[in-house]
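Colleague: I would like to learn how to read a few features of a structure. Please take them one at a time.

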Amino acid sequence: MGRTLQNTMINLGLQNACDEAVYQLGLDMEELEEIEEDAGLGNGGLGRLAACFLDSMATLGLAAYGYGIRYEYGIFNQKIRDGWQVEEADDWLRHGNPWEKARPEYMLPVHFYGRVEHSASGAKWIDTQVVLALPYDTPVPGYMNNTVNTMRLWSARAPNDFNLRDFNVGDYIQAVLDRNLAENISRVLYPNDNFFEGKELRLKQEYFVVAATLQDIIRRFKASKFGSTDSVRTVFDSFPEQVAIQLNDTHPAMAIPELMRIFVDIEKLPWDKAWDITRRTFAYTNHTVLPEALERWPVDLVEKLLPRHLQIIYEINQRHLDHIASLFPNDVDRLRRMSLIEEGGTKRINMAHLCIVGSHAVNGVAKIHSEIVKTQVFEDFAALEPEKFQNKTNGITPRRWLLLCNPGLAELIAEKIGEDYVRDLSQLTKLHKFVDDDLFIREVAKVKQENKVKFALYLEKEYKVKINPSSMFDVHVKRIHEYKRQLMNCLHIITMYNRIRRDPAKLFVPRTVIIGGKAAPGYHMAKMIIKLINAVAQVVNNDPMVGSKLKVIFLENYRVSLAEKVIPATDLSEQISTAGTEASGTGNMKFMLNGALTIGTMDGANVEMAEEAGEENLFIFGMRVEDVTELDRKGYNAQLYYDRLPELKQAVDQIKSGFFSPKDPSLFSDVVNMLFHHDRFKVFADYEAYVKCQEKVSELYLNSKAWTKMVIRNIAAAGKFSSDRTIKEYARDIWHVEPSDLKIPPPNEPRDAGQDKTPNGTAA
């Protein structure tokens, strides 16, 4: 979520009043804002997307709730020591959190372990261990519409009789200390992005958030009088009309068997009825096609932790496979491919398959990704129910990612086209008619320059390096992962360095290359990549032959509040994943909206950005998905590229020989070995096209006016990438609710009695 103060002031229309009031108290608002900790309760794009979605849902007047876990420790703070990443605990609640309100009156029990007893009256899950879920509510204000939604985060608490009601009575002290075991559930965020780690505590977290949330939803459903004559509602027929639940990846997939358990075991609905309601309630968003990221939980673990849920999953699977077998008799391989249970070795539950079977809609997050989901990853399911599969291209909130982080540009745009674009970003197309306006061109360039000077001062303060603010700010910020190919950027840096040294007199367009992002603590290769970047920076930044032509900076502890500083100051945005690996990306959109140009592959939302702005207004290079597929078919041989490209060979040899690690020449042997022998993401295959494309970038940067005109064309084409547009599509195509742009009267004005009801009362 990042910080809340400035976003709240902007959405309430109070920023100027607050700035003035604080100034009159002799304080500086910006200094005050810097004191607030980021709420870092997710890992990367998926978590930030949820935050943008909350902002858009409130702004569109949807009765929507965001549910998650109130981690005591969020994503780790990254320190760089001697070029290595070191993790520190993110004790973000140390000084308390003024934005949250504990709601103990809505505390709910969550059950684990135990056993299942079957009888004539149905199944009973008994002898369980209970953990309490305590909700904390954070307000989510819409933009200037007097709407405030709720983000409800659950914290784990041990019941007061924990370990005291049974055998443990003898050791009272130990029994109280053991309360930590239950409360550890919400202690810490697992720091993996695009990687599945099948740990018991992680499964506990996933079920914990799901079980508490579903109880909360059902309590609210039963208490509502909407379309019901009973004082307490027991008929669930209207449930899917009243409730829509969107699964953000497979992490909350246990919601499907949990809702079935509630309907069948507790509410005593017949299976078919319960299953129909369940499927019509859930929709699933897929966020990645990397096989190592797909959740596959061992059956043994689920059986131990959630024995009733395993039985329900088996029943869902049996009926699912019976259906497939009736359509495709004797096709055993199809049954194996489509089963929710993977046999062979340790039996596992494929959570994506569970989500597809248990949802009425499945979507990817960019056109190209949704196509891959349909035709490759889940092709058997799409063949069966093609109408279930959709695309919803991701977006970003223009409130945080333009108004808040780049007020200079936001104001400049408002002067030209009015202020309405903040709620309807498609209006940015009106900027096309100013693309040849010399004054506007100069003003856009001036805003960018001011942002760069401000960020350069920040860098000099934090990193003690002198930055040339007129150099091109070439920025690559995102989680560190092999598929995102920070290594390819690193090879380009080394190539630029070698060119400067080979011919110091030759014209060179000065660059400040900024790379930032966290590596999962257990991801060895990602940590080596960070070390390599820092080792290269050490050499480049201290070579007198290079001077101010090339500087390399690794941005420590990249997070939302740092993104808000670096993105407005960026000239060139690096979006260079191997085609077919980045589901969408959203950083790409933030840079586009803030006046950076993009160098990128035809991957994720880059494809649609090129479609909106015109491919000639992005620096697109490298293999397309078809080329990658073809190269896989032929077999990728890294050695070929190394032998054919002298500059690539020189750069790789320098890494290999210890040029960047003289004290330990073999330091990067794992990296070099990977690049030659098991590089799934084919860095060498795109190196030549990347370097050539970068030369075109430098050439355009020399012509400030032509560069800025291209910037304006990009900003004018960024309207599609508002999360408001994304959420309108979810609302209409999946949740079946109508967004309203009605401004609720402020609390100090009386409301009509009839306006208390939300039209189309579905809550998402």
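Colleague: Which way do the residues of strand E15 point, and are they buried or exposed?

Modeller: Buried means under 20% relative accessible area, exposed over 50%, and partly exposed in between, with a 1.4 Å probe and protein chains only. Strands (E, at least two residues) and helices (H or I, at least four) are DSSP runs, numbered from the N terminus. In strand E15 (residues 361-364), Ala361 and Asn363 point one way, Val362 and Gly364 point the other way, and all are buried. This is a predicted model, where local features need pLDDT of at least 70, side-chain atom pairs count only at pLDDT 80 or more, and totals for chains, interfaces and linings use all residues. Residues are numbered from 1 along each chain as its sequence is written, and side-chain values use heavy atoms, leaving out hydrogens and water.

Colleague: Which strands pair with E15?

Modeller: Two strands pair if DSSP finds at least two bridges between them. Strand E11 (residues 282-285) pairs with E15 in the parallel sense over three bridges, and tyrosine 284 is opposite valine 362 of E15. E15 also pairs with strand E16 (residues 389-391), in the parallel sense over three bridges. There, glycine 364 stands opposite asparagine 391 of E16.

Colleague: What does UniProt place at Lys590?

Modeller: UniProt positions are given in the numbering used here, feature names are shortened, and annotations may be inferred rather than shown by experiment. The unreviewed UniProt entry places "modified residue: N6-(pyridoxal phosphate)lysine" at Lys590. Lysine 590 lies in helix H23 (residues 587-593).

Colleague: Why does lysine 590 count as buried?

Modeller: Lysine 590 counts as buried because its relative accessibility is 7%. Contact means heavy atoms within 4.5 Å. Leaving aside neighbours within four places in sequence, lysine 590 is in contact with Arg48, Ile396, Trp401 and Ile567.

Colleague: How is the size of an interface often given?

Modeller: It is often given as the accessible area lost when the parts come together. Here buried area is the accessible area (1.4 Å probe) that two parts lose on being put together, summed over both. Domain bounds come from an automatic or database domain assignment, which gives domain 1 (1-36) and domain 2 (418-629 + 686-719). Between them these domains bury about 330 Å², 40% of it on carbon and sulfur atoms. In domain 1, Arg3, Glu30 and Glu34 lose the most area to domain 2, together 74% of what that side buries.

Colleague: How many salt bridges cross the interface of domain 1 and domain 2?

Modeller: A salt bridge is a side-chain nitrogen of Lys or Arg within 4 Å of a carboxyl oxygen of Asp or Glu. The rule finds two across this interface. Lysine 454 forms a salt bridge with glutamate 30, with the closest N and O atoms 3.0 Å apart.
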